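Biologist: Hi! Could you walk me through a few spots in this model?
Modeller: Happy to, let's take a look together.

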Amino acid sequence: MRFGPLNLESNLFLSPLAGYTNLPFRLVVREVGGVGLCTTDLVNARSLIEKNPKAFKLIETSPADSPLAVQLFGSVPEEMRDAALIVEARGAVSVDINMGCPVKKVVKIGGGSAMMTELDKTAALVRGMVNALKIPVTAKMRLGWDDDNLTAPDLARALEDAGVAAIFVHGRTREQGFGGTVNLAGIRKVVAAVKSIPVIGNGDIVTPEAAKKMFDETGCAGVSIGRGAFYDPWIFKRTLQFISTGVVPPEPSFDERIRVMRRHLDLMIEVFGEEMGCRMFRKVAPWYSKRFGPCHEFNKKVVQVRTKTEFQDMLDNYIRWRKQFLDDAGELHPRFQPAPMIASFMRDEPASATRQHIPVPKGPVEVW
């Protein structure tokens, strides 16, 4: 896929998730394969200008973490421009502007979803960034503030005129947050609204089948995956295989999940140190365990882990405990297997009645 001067190996993207899409997880996803571009956690533009160490930790990268986009939020044109120049100087290949975050601490300063309510002001801010940078500028938006204000198509046209290289659109409104059904028709309207720039769809992509359905029904040029990648870091690779062969690859084995989870912890310790890395991993590990089958023994103990040795001992004990749920071939008995993941827009029943809740990342709000 190509936008601006970037020529990406795939049209699948890792979405920014506050508190989660840090350097260790981005490296995990890249090692598994299939992703075209990864994006950092959202970063407060002013905090970069003020040289806040926490903000610079959010955009920490390495040679293996490429190509990388940095997502900024803010509402002051000069601050967004100057922060983008800092990001460009540190090697990012593109800058993404957050116009979709529904969190109050972002919205109340005029950032995130609030930018969808003032199109002229937002377009002027974007134009200033585009004119100042050599790397492409993209924008991540939602369909609108609420169902009565679906401004995404109009905003997309304004941003295209302002010079953005691509648009990412989450198929929900700000009012929906992360609940309810993703509106594929709404994404399709954004695709139809622009003339020459790619639109990348986003929202509730939890399986390769969901990714393909979003491609087929919206005409989007790419798909961006956030929370689905935490259930399944292999989703990018599996989606590419499904699209190219028509056959859905099986989910990773338990042993493969354990291997990648161990690797994730090693990278957390490498980047953040053992104490902090293990503490941060406490909220990451339960995402892996959601596909383990019976996991309450794992979840109960992993939140107490303080060292890598403790984690390894806990994991060995869990693996022994889990054997009681396995058949002679070493597979989970059918009644203990996790339920299939189903996107909200692929359910027959009303989503409000059937959809299993996907946790909303809390994230490092202290830097917001």
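Biologist: Where does Asp204 lie?
Modeller: Asp204 sits in the loop between β9 (199-202) and α9 (208-218). Helices (H or I, at least four residues) and strands (E, at least two) are DSSP runs, numbered from the N terminus. This is a predicted model, where local features need pLDDT of at least 70, side-chain atom pairs count only at pLDDT 80 or more, and totals for chains, interfaces and linings use all residues. Residues are numbered from 1 along each chain as its sequence is written, and side-chain values use heavy atoms, with hydrogens and water left out.

Biologist: And what about phi of Asp204?
Modeller: Asp204 is not a glycine, yet its phi is positive, about 65°. Most residues other than glycine have a negative phi.

Biologist: Is Asp204 buried or exposed?
Modeller: Asp204 counts as buried because its relative accessibility is 6%. Buried means under 20% relative accessible area, exposed over 50%, and partly exposed in between (1.4 Å probe, protein chains only).

Biologist: Which residue other than glycine has a positive phi near 60°?
Modeller: That describes Lys51, in the loop between α2 (45-49) and α3. Lys51 has 62% relative accessibility, so it counts as exposed.

Biologist: New topic: where is there a cis peptide bond?
Modeller: Ser66 and Pro67 are joined by one, with omega about 0°. Pro67 belongs to the loop between α3 (53-58) and β5 (68-73).

Biologist: Now helix α16, which of its residues are buried?
Modeller: They are Phe311, Met314, Leu315, Tyr318 and Arg322. These residues cover an arc of only 100° around the axis, so they are on the same side of α16. The arc is that of the directions from the helix axis to the C-beta atoms. An α-helix has 3.6 residues a turn, so residues three or four places apart point the same way.

Biologist: What do the buried residues of α16 pack against?
Modeller: They pack against α12 (254-272), α13 (274-281) and α15 (296-302). Contact means heavy atoms within 4.5 Å.

Biologist: Last one: which residues does Glu217 touch?
Modeller: Not counting residues up to four places away in sequence, Glu217 touches Leu184 and Arg188. Glu217 is in helix α9 and is partly exposed, with a relative accessible area of 34%.
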